[in-house]
Amino acid sequence: MNQPIKQHLIDPEICIRCYTCEMTCPLEAIEHDENNVVVDASKCNFCMDCIPVCPTGSIDEWRVVNEPYSLEEQYEWMELPEQEDIGQDAGGVEALDDAMAALLAEAHKGAGGKARAPATASKPTVNLYNLAKPAEAKVTGNYRLTSDQSDSDVRHIILDFGAQPFPVLEGQSIGIIPPGEDAQGNPHLPRLYSVSSPRDGERPNYNNLSLTVKREDKGICSNYVCDLKPGDTVRVTGPFGATFLLPSDANAHLLMICTGTGSAPFRAFTMRRQREAPSARNSLTLVFGARRAEELPYFGPLKKVPEEFMAKHFAFSRQEDGPKHYVQDQLREQSEQVAQILADPNGHIYICGLKAMEQGVEEAFKDIARAKGMAWAEIRDRMRDEGRYHVETY
Amino acid sequence: MLDLINVSYDTQIPNNVGLSQDKKVLKALEKWHPGYINWWNDLIPQNFQESLVYLRTAVSVDPKGWAKFDYVKMPEYRWGVLLAPQVEGRTIPCGEHYGEPAWQEVPGEYRNMLKRLIVIQGDTEPASVEQQRMLALTAPSLYDMRNLFQVNVEEGRHLWAMVYLLHKYFGRDGREEADDLLRRSSGSEEAPRMLGAFNEETPDWLSFFMFTYFTDRDGKMQLESLAQSGFDPLSRTCRFMLTEEAHHMFVGETGVGRTIERTCQVMKENGIDDPYDTAKIRDLGVIDLPLIQKKLNLHYTLSLDLFGQEVSTNAANAFNAGIKGRYMEARIKDDHQLKADTYTVWDFEDGKAVQKEVPALTAINMRLRDDYTKDAAGGVKRWNKIIEKFGIDFEMALPHESFNRKIGVFADRHFNPEGQMVTGAEYDKGLPEWLPTNADGDFIASLMKPCYEAGQYAGWIAPPKVGIDNKPGDFEYVKLHMA
């Protein structure tokens, strides 16, 4: 079967033919005639070098196609063709390889319908690397995030991509290919992990990213990742995901609900906001659940984030000196603010963590909406269709 | 090791040339710096200096790092010295030294020629900021104001780029030339800028758009040919400047395009099909297409003059010396020495304009001008597409290169925009149809009312199709400081 591919194109209506992209492209994948500036799909490797140098924004165009547009076709264009219907919603092609697409579809099921990206989200790059052609990243850090006494081993892993382009947005995931073979003698399929650093790197302007990984009993990949040492090389696919993304609008109010390592994308969201809009106030709310404070990843650094930059509500279900408390309980306690976000046309809700949290959170939303005379199912469907309700659970 | 990609902020002057280890040049530049800041501060009205502008700044010269957007007050913009990465083993791309290793130091025999080219280029950079200093007062939107300021700070940075070369490679007379770049001033009686086109005021926004489209495009062509220089530091400087220059082309092309679009739109809304029904069109507060054509005629022909004489020994010498190449020299397939080639230029014989073949070496200016015309024609074609979309019967066109010229073989002779020679009387009669009149200027000036509301645009210009840095339509590109 012919896999659809993502093709990089230039909008001839916006482009001013300055050819800066052509001069910048390290692969000479961009050329022009008297009419148009065009991209050779057989050469472009999505390194994205041409994107920031374009003065017009015309270069940031992508289409998912079964058969790439030829140079001749592109030279004839007066305007960019619409995305063709190829059986997938191009607004949200989460992954081009089927196994990863299926995993993400399963993870996003809890939203109750077709997921959409926030209107102002940046355009994600998807599937730059796959099983046949993975990227190689070098491990530059591996730190335990949970206390030594805890039986839960959650780790912060830093991967550096060196000179390989690896453009990733907050909320996207990458695949890690564990070495070895399964019982049938086939190589292991990649496992998906949410990136926990912002787009410009764990360290600004370094080509690196971080993951937040919990060691699972007998987990082939999680044990592999948690045992990695600085200097080790890891094979990576992705990036994946085109809907669970951060709106660029710094005024968008985000309600982020997570448990355990579900906090990974929210760490990325928060860091992006801190770097891009450090003076933003009262537009981030985090509801974070764990068994105990010692097992809550990033508990220390999180406490240092000022409350007016991000309101934080922790729920601990096994705290010795307190009652069992879950994220849904925190939502109910904050019902006034939650109701405000539900009513705000610029409010966004993100849920990330174990599948088991979905039901309780939905119930809480239902109750909060009902108390205000609103119907949760309608709100949810509208928010989801507008790219403002996102669920990623596993 | 010296990091030559990322911009270092360890001195007052951001740079990727290891300034902190180059004490002598650093000291000279630091001495020059206050004069520059004074120049800037005296130039642009104070409340704009205090405003926060959403600007693009380079944090490194590789593609990933040179477009970081953030709010900044213009006087705090990080002007700096940025050179494109050095290409290993680069050779001199043209002239008698073709194929020899590119010079990393100034070749003694060409010192004066090089210095002069750098000074002329450097002189245009602050000049355009001076010409445009009052425009923000009538900005048609915050989006346009931001684009103006981006152009201004980048022209300022280009001055820095040239001043660095003067300080670094030309010793005491380089420093004196650098000081003179701040002493001369656009339109000044005592010390005007070196090139004529840079002593005219930019009186309104349509002129600004035409200027960035046509005159900055000359700048782009000059930078393109200096980027081909065998003197490697000049080549690297100009290569990086070109990435910034592209933004100026963008401001010009879309500015004129949006003006045209708005005119067409208002004509259609009011059932006007005749583009020459100018009184009615002007009453609706938009600029009629024939007047836009007249502005185009003016700015295009002024810019052609910047290329100098068609046949020039100076240009031949610079090419032959390997100091200045042709547009896209590296992609031209010939001997790069022009030993036997000829090129077609205009000349004047027996009272008639004729085209004739001359040694290509002497026609370097003409060739660059032809490349310029080709480049400029592209945007005109795209403007016409806008008019066509509205179904209005009007076509913009570049006038013939003989029209309205002050330099070269056509200078001060009477040609109409089609390139036919006309009598003085015919010329005087045609002129109000060909070039903007005082009344035209007054009309445009009457439309220049500021529009400072985020997401709003003055009535004579359409909003852009795409925001800067992908920002939404109502983004506040300038946070105005209201004293």
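These legends describe close-up views of a predicted model.

**View 1. Domains of chain A.** Three domains make up the division of chain A. Domain 1 covers residues 5–81, and domain 3 covers residues 135–240. Domain 2 is written in two pieces, 110–121 and 243–393. Taken over C-alpha atoms, the centres of domain 1 and domain 3 of chain A are separated by 32 Å.

**View 2. The six-stranded sheet of chain A.** Six strands of chain A form an open sheet in the order β8-β7-β10-β5-β6-β9, and their pairing is antiparallel. At its edges are β8 (191–194) and β9 (208–214) of chain A, each of which pairs on one side only. From one strand to the next, the twist averages 40°. Strands of a sheet pair through backbone hydrogen bonds, in either the parallel or the antiparallel sense.

**View 3. Strands β5 and β10 of chain A.** Strand β5(A) spans residues 135–144 and strand β10(A) spans residues 233–240. Four bridges join the two strands, which pair in the antiparallel sense. Ala135(A) has Val236(A) in β10(A) as its bridge partner.

**View 4. Where chain A touches chain B.** The contact involves 16 residues of chain A and 18 residues of chain B. On the side of chain A that touches chain B, α1 (20–24) and α2 (50–53) of chain A each supply at least two residues. By class, this side of chain A has six nonpolar, seven polar and three charged residues.

**View 5. The three-stranded sheet of chain B.** In chain B, an open sheet of three strands has the order β2-β1-β5, with antiparallel pairing. Strands β2(B) and β5(B) are the edge strands, and each pairs on one side only. Strand β1(B), residues 52–57, is mostly covered, with five of its six residues buried. Six bridges link β1(B) to β2(B), residues 68–73, in the antiparallel sense. Two of the residue pairs can be named here. Leu55(B) stands opposite Asp70(B) in β2(B), and Tyr54(B) has Tyr71(B) in β2(B) as its bridge partner. Strand β5(B), residues 478–479, is joined to β1(B) by two bridges, and these strands also run antiparallel. Here Leu52(B) has Lys479(B) in β5(B) as its bridge partner.

View 6. Helix α4(B) takes in residues 142–169, which is 28 residues. From its first C-alpha to its last it reaches 40 Å, close to the 40 Å expected at 1.5 Å a residue. The helix is mostly covered: 28 of its 28 residues are buried. Helix α4(B) lies across β1 and β5 of chain B and runs at about 50° to β1(B). Just after α4(B) comes Gly171(B), which takes a positive phi of about 55°.

**View 7. The hairpin of β3 and β4 in chain B.** Strand β3(B), residues 342–349, and strand β4(B), residues 352–359, run antiparallel and are joined by eight bridges. Two residues lie between the strands. In this hairpin, Asp350(B) takes a positive phi near 50°.

Key
Residues numbered from 1 in each chain as written. Chains lettered and ligands numbered in written order. Predicted model: local features only at pLDDT ≥ 70, side-chain atom pairs only at ≥ 80, totals over all residues. Expected span 1.5 Å × (residues − 1). Buried ≥ 20, exposed ≤ 12 C-beta atoms within 10 Å, placed from the backbone. Contact = placed C-beta atoms within 7 Å. Nonpolar A, V, L, I, M, F, W, Y, C, P; charged D, E, K, R; others polar. Domains from an automatic or database assignment. Pairing = 2+ DSSP bridges. Axes fitted to C-alpha atoms, helices over the stretch in contact; angles between N-to-C directions.
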